[in-house]
Amino acid sequence: MRFMDIKKSLTAKDMAFCGLFAALIGVGAFLKISIPVEPFPMHFTLQLFFVLLAGFILGNKKGALCVCIYLGVGLVGIPVFAAGGGPAYVIRPTFGFLLGFVLAAYVTGSLSSVKGKGNVRWNVFAAFLGMMMYYGIGMIYFYVISNFIISKSVTWHIVFINCFLITVAGDFILCILAAALAHRLRAFDRWI
């Protein structure tokens, strides 16, 4: 489906929910714990929780679309990212994690629709796979930008420790919470 097809199929309710989740992802950026590691500080935020919830509630395409809206707002200069905003944010090594949110929402939304909306264990699995896509893109981007763009020598060992091991346990808890909340929110399916 092309972008124009998605645009034509969005209802006012869809646009409102996309805007709501884009705003929630932005709020999640400010609910953070900064981790002072070298060569770049990392942040544990609640953004992943809202990204996964968007995938569960809005589905794959609309969930990914609301993350793209969030990224667009941040890249035009509104400081909605964990460390600010603006077009220069693209060369920050941690920007790959923001790009990973798009795939995380898409994968989570796609997988959660496979076995229906009532299977919490399947939804935890869907959220886990979405989280792993998020980490994969983020870690590769971090390595490439650090080593080839800003010339900071970073090994895969450092990337694995700083960008994965430090935050993965907390993010897995967010996966479980997002799956459980999505299950509860689907009781109100007639409004969503």
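**Where is the place of serine 146?** Serine 146 sits in helix α6. Helices (H or I, at least four residues) and strands (E, at least two) are DSSP runs, numbered from the N terminus. The model is predicted: local features need pLDDT of at least 70, side-chain atom pairs count only at pLDDT 80 or more, and totals for chains, interfaces and linings use all residues. Residues are numbered from 1 along each chain as its sequence is written, and side-chain values use heavy atoms, with hydrogens and water left out.

**View 1. Serine 146 and its contacts.** Serine 146 is buried, because its relative accessible area is 0%. Buried means under 20% relative accessible area, exposed over 50%, and partly exposed in between (1.4 Å probe, protein chains only). Neighbours within four places in sequence are left aside here. Serine 146 then contacts Phe40, Pro93, Ser151, Lys152 and Val154. Contact means heavy atoms within 4.5 Å.

**View 2. Serine 151 in a loop.** Serine 151 lies in the loop between α6 and α7 (156-165). Its phi is positive, about 55°, although serine 151 is not a glycine. The relative accessibility of serine 151 is 59%, so this residue counts as exposed.

**View 3. Methionine 132 in helix α6.** Methionine 132 belongs to helix α6. Its relative accessibility is 29%, so methionine 132 counts as partly exposed. Leucine 165 is 33 residues away along the chain. The C-alpha atoms of methionine 132 and leucine 165 are separated by 12 Å.

**View 4. Helix α6 against helix α8.** Two packed helices are described by the angle between their axes and the distance between the axes. Axes are lines fitted to C-alpha atoms, for helices over the stretch in contact, and angles run from 0 to 180 degrees between N-to-C directions. The axes of α6 (residues 120-149) and α8 (residues 168-185) come within 9 Å and cross at roughly 140°. That makes α6 oblique to α8. Angles under 35 degrees count as roughly parallel, over 145 as roughly antiparallel, 65 to 115 as roughly perpendicular, and the rest as oblique. The crossing of α6 and α8 is right-handed. A crossing is left-handed if the near helix is turned anticlockwise from the far one by less than a right angle, and right-handed if clockwise. Residues making the contact include Phe128 and Met131 of α6 and Phe172 and Ile176 of α8. By class, this contact has 12 nonpolar, 2 polar and 1 charged residues. Ala, Val, Leu, Ile, Met, Phe, Trp, Tyr, Cys and Pro count as nonpolar, Asp, Glu, Lys and Arg as charged, and the others, Gly among them, as polar.

**View 5. Helix α3, mostly covered.** In α3, 12 of its 12 residues are buried. Among them are Phe49, Leu52 and Phe56. The buried residues of α3 pack against α2 (12-30), β2 (42-45), α4 (60-75), α5 (95-114), α6 and α8. Glycine 59 follows α3 and has a positive phi, near 95°.

**View 6. Helix α3 against helix α8.** The axes of α3 and α8 come within 9 Å and cross at roughly 35°. Their crossing is right-handed. In the contact, α3 residues including Leu48 and Phe49 meet α8 residues including Leu181 and Leu185. The residues of this contact divide into 14 nonpolar, no polar and 1 charged.
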